[in-house]
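Open the model in your viewer and get ready to select residues. We will go stop by stop.

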Amino acid sequence: MFDWEDLRHFSAFTRSGSLSAAAKVLGVDHATVARRIAALEAALNLKLVDRRPRAYDLTEQGHRLAELAEQMAQGSFAVEHFASAGQQQVEGEVVLSAPPALLGSIIARRLGELYRRYPRLRLQLVGSKSRASLVRREADISVALTRPSEPTLVASLLGHLDYRLYAAPEYLRCACTPRYIGYDASQAKSPQQQWLLEQTAHAPFALQSNDLRIQAQAAAGGIGIACLPAFMAEEHGLESIGPAEQTMSIEIWLAVHEDVRSTPRIKAVTDFLGQQVKPLLRL
């Protein structure tokens, strides 16, 4: 009989794609993940991975076991969803995933009222530029920039977030050649970055960062012009550039797994997001 913990470590490896990534998810070191996979192979008498100098590659048997492990995980999630649906009190933990800028500038600072209503609620806020998987229970609720496609999720449009070009007043007063601030290569395909490149005729960036908050702070420091949402520009005292129609917008979607959407603690948070966040967005 195999150890379920060994299977959990193997499953984390197959989902994340590497020993180091799995170790980070599990809160252990990569040697522990490797040891657990080896123990699972010994218990099942199967070769699950090909060990190469820089990586582990799944064997055919490894791929098959990964599929079975995922099916087992979905079954355990279904049991948890069933148990959660029977709860009546607003208490317990809710994991909320959203882009870091939205979490910090809009959501986190408005949580006081939610906790006053439900003092036994516990929130874990996960700042993620890509949407966390609700199906794999990486989060309970997701706020994302794209509509989810999984059939087991219930999604609603919170609204549209408008972006414009902004810069610090002192920067705008100078007669220097325009300098621009943008995302780095990790966000090269984002709609904000593509729109910014169109506005700048693909001029090179004076500063690049994968964090929109850092871009806003750099703009406030007078480095150059950044593409930002209005709420973030206002926080840093930035002024808009160009005509009002020179604007791009992205959709903000709220998603939750259909099995838990009526669970009191989940519903309390989704209702809060609708009441507190939705009015700040353009419908």
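This tour visits some salt bridges, then a cavity.

The model is predicted: local features need pLDDT of at least 70, side-chain atom pairs count only at pLDDT 80 or more, and totals for chains, interfaces and linings use all residues. Residues are numbered from 1 along each chain as its sequence is written, and side-chain values use heavy atoms, without hydrogens and water.

**Stop 1: salt bridges.** A salt bridge is a side-chain nitrogen of Lys or Arg within 4 Å of a carboxyl oxygen of Asp or Glu. The structure holds 14 of these salt bridges. Select Lys267 and Asp271. Their side chains meet in a salt bridge, 2.9 Å from N to O. Both sit in helix α11 (residues 264-276), and because they are four residues apart, about one helical turn separates them. Helices here are DSSP runs (H or I, at least four residues), numbered from the N terminus.

Next, select Arg117 and Glu113. Their closest N and O atoms are 3.3 Å apart in a salt bridge. Arg117 is partly exposed, at 41% relative accessibility. Partly exposed lies between buried (under 20% relative accessible area) and exposed (over 50%), with a 1.4 Å probe and protein chains only.

**Stop 2: a cavity.** Which residues line the second largest cavity? Select Leu102, Ile106, Ile107, Val143, Ile252, Val277 and Leu281. A cavity is a set of points, on a 1 Å grid over the protein atoms alone, where a 1.4 Å probe fits but cannot get out; lining residues have an atom within 4 Å of a point. Helix α5 (residues 100-107) gives the most to this lining, with three residues.

Key. 1 Å grid on protein atoms, 1.4 Å probe; cavity = no way out; pocket = protein on both sides within 12 Å on 5 of 7 lines; lining within 4 Å. Helix = DSSP H or I, 4+ residues; strand = E, 2+ residues; numbered from the N terminus.
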